[in-house]
Amino acid sequence: MSTDKYQAIVVGGGPAGLAAAYRLAEQGAEVVLIERGDYCGSKNLSGGVLYSRVLDQLIPGYWEDAVIERPITNYLTTLMTKDDYFNLEYKSKSLAATPYNAVTVLRGKFDRWLADKAEEAGVMMVTGIKVEKLLKEGNRIVGVSTGDEEMLADVVILADGINSFLAKEAGLRGNIHLDHLAVGAKALIELPAEVIEERFHLNSQEGAAYAILGQATYGVAGGGFFYTNRDSLSIGVVMRLDDLVKAKVKPADALDDLLEHPMVAPLVKDGKMVEYGAHLTGEGGFKMVPAKLYGEGYLIVGDAAGFTINSGLVIRGMDLAIGSGIAAADAVLEAQKKGDYSDASLSAYSRNLENSFVMKDLKLYAKAPDFMESDRLYKKYASMVNQLFGDIYTHDLTPKERLMKTAVKSMKDNGISMLDLIKDGWKGVKAL
Amino acid sequence: MIRLTMADKLALNKFEVNEGEPHILINQEKCRTCGEKNCLFACPAQLYSEQNGEITVEWAGCLECGTCLAVCTKDALSWKYPQGGFGIIYRQG
């Protein structure tokens, strides 16, 4: 049995763990990162949009060599029914300027690049090894066990993702509520860059991101997404587990149907599916963040800590992961100076988080999950809006009605009262 | 686009299968008392099926998302990640 002891052990090579390890190594700490996959990113999957300014904070000028796909310059919101769709598009030239507001990434490539950067900074990378459990002395975490080997450290950073069995073991997290989790199923479709640029009206330094509500998930709470990479498209559905089990539908069926939808089919035509994957994602926002994010000798970062924000139009996780990794590393560096890794000393993490955009944004959007509880959002509004615009554009020789009358009819037909509309509008304004 | 079967979709992926070492074990007794059987539809890889009153899982094609574990109402699954280096290997992600 080995008795290696490090200053820090990071469990999990996603953006949160890698950011923490990178920061620590860069500041001279002796840090080892343990990843159960063959390489960092091999177990990771996300929709693919990274709000990337925080990455510039970690690695200034990251875009010079980072493995990123396209900056997102076009945001589309789609309300979709079975046969029709309504799009709202926002495009800005400023979104194409470095350091970029957001970029698409493919995690098998991006995480691997970030891992290479961490290794260059001095992180010792251990891949293909799974941490089986935490080593404890009393209620203090002193290291990890991989089954046949034990590794000790002054501090352990848990970055083992949304299922975080280690956070559960440490007693930080219980079983997560079903309404705080969603399953995402995603297909990656290869198409030449020029074809993507033509179909999505982009130049080579632009990219598009769709947020799709309604039929994409068969009305199950959640949504669809559709992102452009350099020479591929990421398309998927995200379905909240509580609503999914009520509706008893298959995520893969929803994705198959989405690929054949009149909006999507021409955009993916002649594309070749090259990968199919799935992952859980947090939907609870601030509400699912454990009350305590550190303890004697440990901290918890990224998805493992429930750091995701879904405001309906914007879905964030990777930026919060990187932000929390930086906040955790800075707390550890402070603890190192004092030679004190106690609960009280590591509470600097909480302070760092509160002062960073991570907690500020989580708190700002704390009411978003409540707002998105509304069934109307997923099941009725898409059909109401499509009916309304269908009526406006269709001239079938029956006399037209005033717009207000048409609007009221489309609401009534879809079971939405004026009161519902006001309530949801007000809730939305307050939540977002 | 041509509609792929689930088997075709999973065949696009790279899996390092740890033969004879399932990372998902099912407690059939608990399953027999289950009315919902959420695993049968919620698994995004459709790995669960019911044969002769028993729930089976084709664990080799597991995408390691954890959905089945989360939606199982009977606590019937012993679910852990595959051993280091085994399981799904996303090339793109």
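Figure 1. A:Ser42 sits in a loop of chain A that runs between strand E2 (31-35) and strand E3 (49-51). The model is predicted. A:Ser42 counts as buried because its relative accessibility is 0%, and the limit for that class is under 20%. Two polar contacts of the side chain are shown. A polar atom of the A:Ser42 side chain lies 3.3 Å from the backbone nitrogen of A:Asp38. At 2.8 Å, the side chain of A:Ser42 also reaches the backbone oxygen of A:Tyr39. Leaving out residues up to four places away in sequence, A:Ser42 touches A:Gly37 in chain A, and from chain B it touches B:Ile88, B:Ile89 and B:Tyr90.

**Figure 2. Chain B, the chain that supplies B:Ile88, B:Ile89 and B:Tyr90 to the surroundings of A:Ser42.** Chain B contains four helices and six strands. Their order along the sequence is α-β-β-α-α-β-β-α-β-β. The C-alpha atoms occupy a box of roughly 40 × 35 × 25 Å along the principal axes. Of the contacts in chain B with a separation of 6 or more, 66% are between residues 24 or more positions apart.

**Figure 3. Chain A as a whole, for orientation in the remaining views.** Chain A has 17 helices and 19 strands. Its C-alpha trace spans about 85 × 45 × 35 Å along the principal axes. For 432 residues the compact-globule rule gives a radius of gyration near 22 Å, and the 23 Å of chain A agrees with it. Buried residues make up 61% of the 432 in chain A. When contacts between residues at least 6 apart in sequence are taken, 73% of those in chain A join residues at least 24 apart.

**Figure 4. Packing of helix H1 against helix H9 in chain A.** Two packed helices are described by the angle between their axes and the distance between the axes. For H1 (residues 15-26) and H9 (residues 318-338) of chain A, the angle is about 35° and the axes are 7 Å apart. The crossing of H1(A) and H9(A) is right-handed. On the side of H1(A), the contact is made by A:Pro15, A:Ala16, A:Ala19, A:Ala20, A:Arg23 and A:Leu24. H9(A) contributes A:Met318, A:Ala321, A:Ile322, A:Ser324, A:Gly325, A:Ile326, A:Ala329, A:Asp330, A:Val332 and A:Leu333. By class, the residues of this contact are twelve nonpolar, two polar and two charged.

**Figure 5. A:Met151 and its contacts in chain A.** A:Met151 belongs to strand E10 (residues 150-158) of chain A. With a relative accessibility of 5%, A:Met151 counts as buried. A:Met151 and A:Ile9 are 142 residues apart in sequence, while their C-alpha atoms are 8.3 Å apart in space. A:Ile9 is also one of the residues that A:Met151 touches, with residues up to four places away in sequence not counted.

**Figure 6. The cis peptide bond between A:Thr98 and A:Pro99.** Omega is near 5° for the peptide bond from A:Thr98 to A:Pro99, which is cis. A:Pro99 is placed in the loop between strand E5 (85-91) and strand E6 (102-104) of chain A.

**Figure 7. Positive phi at A:His201 and at A:Tyr218.** A:His201 is not a glycine, yet its phi is positive, at about 55°. The loop that holds A:His201 lies between helix H5 (193-199) and strand E12 (208-214) of chain A. A:His201 is exposed, its relative accessible area being 64%. A:Tyr218, also a residue other than glycine, has a positive phi near 60°. A:Tyr218 is in the loop between E12 and strand E13 (222-228) of chain A. Its relative accessibility of 28% means that A:Tyr218 counts as partly exposed.

Terms used: Residues are numbered from 1 along each chain as its sequence is written. Chains are lettered from A and ligands numbered from 1 in the order in which they are written. This is a predicted model: local features need pLDDT of at least 70, side-chain atom pairs count only at pLDDT 80 or more; totals for chains, interfaces and linings use all residues. Side-chain values use heavy atoms; hydrogens and water are left out. Axes are lines fitted to C-alpha atoms, for helices over the stretch in contact, and angles run from 0 to 180 degrees between N-to-C directions. Helices (H or I, at least four residues) and strands (E, at least two) are DSSP runs, numbered from the N terminus. A crossing is left-handed if the near helix is turned anticlockwise from the far one by less than a right angle, and right-handed if clockwise. Contact means heavy atoms within 4.5 Å. Ala, Val, Leu, Ile, Met, Phe, Trp, Tyr, Cys and Pro count as nonpolar, Asp, Glu, Lys and Arg as charged, and the others, Gly among them, as polar. Buried means under 20% relative accessible area, exposed over 50%, partly exposed in between (1.4 Å probe, protein chains only). A polar contact is a pair of N or O atoms within 3.5 Å; within protein, one must be able to donate a hydrogen and the other to accept it, and residues adjacent in sequence count only if both atoms are side-chain atoms. The radius of gyration is taken over C-alpha atoms; the globule rule is 2.2 Å times the number of residues to the power 0.38.
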